[in-house]
Amino acid sequence: MKPLMDRFGRPVRSVRISVTNRCNYRCFFCHREGYDIEGSEMTPQEIERIMRILVRNGVTRAKITGGEPLLRSDIIEIVRGMKRAGIREVSMTTNAWRLGELAEKLSDAGLDRVNISLHSLDSKTYKFITGVNGLERALKGLDEAIRMGLKPKINMVVLRGVNDGEVWRMIEFSVKRGVNLQLIELLDTDIDLFKKYHFSLSGVEKKLRDMAIKFDQNVLHGRPRYYLSKNTYVELVRSFRNPLFCMGCDRIRITHDGKFKTCIMRNDNLIDFLEKMRAGVGDEELEKLFRSAVSLREPYYKLGKNPT
Ligand code: SAM
């Protein structure tokens with residue numbers, strides 16, 4: 001199935017779906033996926049139904065996010081339903097607090113991959129960032145994810161003056177463990193936080209370029225990947241004022257309360273489908289809503305013309 005294209009020629013091949021906005025962590029920089037509103041969570045059946053519509057329109061990959069997705073007691077059912085709907089690659093981003101106990105069940109349900117947020121290997125810094133004494137549990141979750149074949153990738157948001165001194169330690173750790181690492185620059189969702197904590201990864205990128213034995217790019221956002229061993233890479237997520245990043249965006253977002261969201265940075269063109277689904281509309285109507293959302297997509301940063 002060919003993907004839908006937006007007005008800027010960008011295909012929509014993936015979805016980032018929040019299944020809850022509840023979280024047991026309090027990361028001080030959290031963007032809350034650009035949508036901080038209490039709402040009624042979708043049921044696994046509603047998620048499966050909307051996934052079928054997306055699959056029919058060319059979406060092949062889905063990333064489950066939150067809040068913390070593993071807080072949902074029916075998360076296994078959600079994953080199973082998404083696979084049943086025909087999503088080829090279902091992945092999840094988690095703080096791994098509950099991953100140790102759930103990795104096997106998630107893998108059995110069809111979860112293909114997992115991203116683990118691990119912003120520090122120092123327990124004090126970890127607690128400072130997340131508000132929780134959770135380093136040990138997160139590391140156990142990582143071990144279990146490796147054991148269950150969930151191909152974990154570590155997500156580290158690099159924060160000036162907080163964990164920027166740990167970048168190379170984290171790189172060494174991930175290479176040793178044979179897991180991929182994603183170094184993420186702080187997003188500019190909150191301008192005061194951004195000014196205080198944004199750490200540019202350009203110096204790190206320069207070093208990685210010199211060290212890498214191979215280079216490629218993620219289809220999503222064209223994110224660069226520097227391989228430090230045959231199978232392990234460091235991927236850089238640098239979105240700030242980056243039109244190429246936006247041009248490589250192939251994802252639509254879904255909020256936990258059933259709205260299409262065209263961009264993490266925007267809430268002025270959300271399209272609700274859950275209320276309509278609950279009111280009994282048919283699949284053709286839901287498909288139309290999805291198509292409308294795709295037609296509203298717009299790169300946040302464009303060449304030559306940027307939000308200030
Ligand atoms: N609770 C889950 C977790 O910890 O992975 C999923 C939700 S969390 C919002 C998803 C990812 O976004 C995490 O890797 C998190 O570190 C990252 N993130 C949160 N706030 C961010 C920000 N302001 N800039 C860049 N990345 C951020």
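The ligand and its surroundings

Author: In this predicted model, a polar side-chain atom of Glu68 lies 3.0 Å from a nitrogen atom of the ligand. An oxygen atom of the ligand has a polar side-chain atom of Asn155 at 3.0 Å, while a polar backbone atom of Phe29 is found 2.9 Å from a nitrogen atom of the ligand. On its own the ligand has 550 Å² of accessible area, and the protein covers 93% of it. Strand 5 (89–94), strand 7 (153–158) and strand 8 (180–185) are the elements that each give two or more residues to the shell around the ligand.

That shell can also be described by its residues, which number 20, with Phe29, Gly67, Thr93, Ser117 and Leu187 coming nearest to the ligand. By kind, the shell divides into six nonpolar residues, ten polar ones and four charged ones.

Phe29 belongs to the loop that runs between strand 3 (14–18) and helix 1 (44–56). Its relative accessible area is 11%, so Phe29 counts as buried, the cut-off being under 20%. Once neighbours within four places in sequence are left aside, Phe29 is in contact with His119, Ile129, Val157, Leu159, Leu186 and Leu193. Thr43, by comparison, stands 14 residues from Phe29 in sequence, yet the two are 29 Å apart in space, taken from C-alpha to C-alpha.

Methods. Residues numbered from 1 in each chain as written. Predicted model: local features only at pLDDT ≥ 70, side-chain atom pairs only at ≥ 80, totals over all residues. Heavy atoms only, no water. Near = heavy atom within 4 Å. Polar contact = N/O pair within 3.5 Å; in protein donor to acceptor, adjacent residues only side chain to side chain. Areas by Shrake-Rupley, 256 points an atom, 1.4 Å probe, with all protein chains shown as cover. Helix = DSSP H or I, 4+ residues; strand = E, 2+ residues; numbered from the N terminus. Nonpolar A, V, L, I, M, F, W, Y, C, P; charged D, E, K, R; others polar. Buried < 20%, exposed > 50% of the residue type's maximum accessible area, 1.4 Å probe, protein only. Contact = heavy atoms within 4.5 Å.
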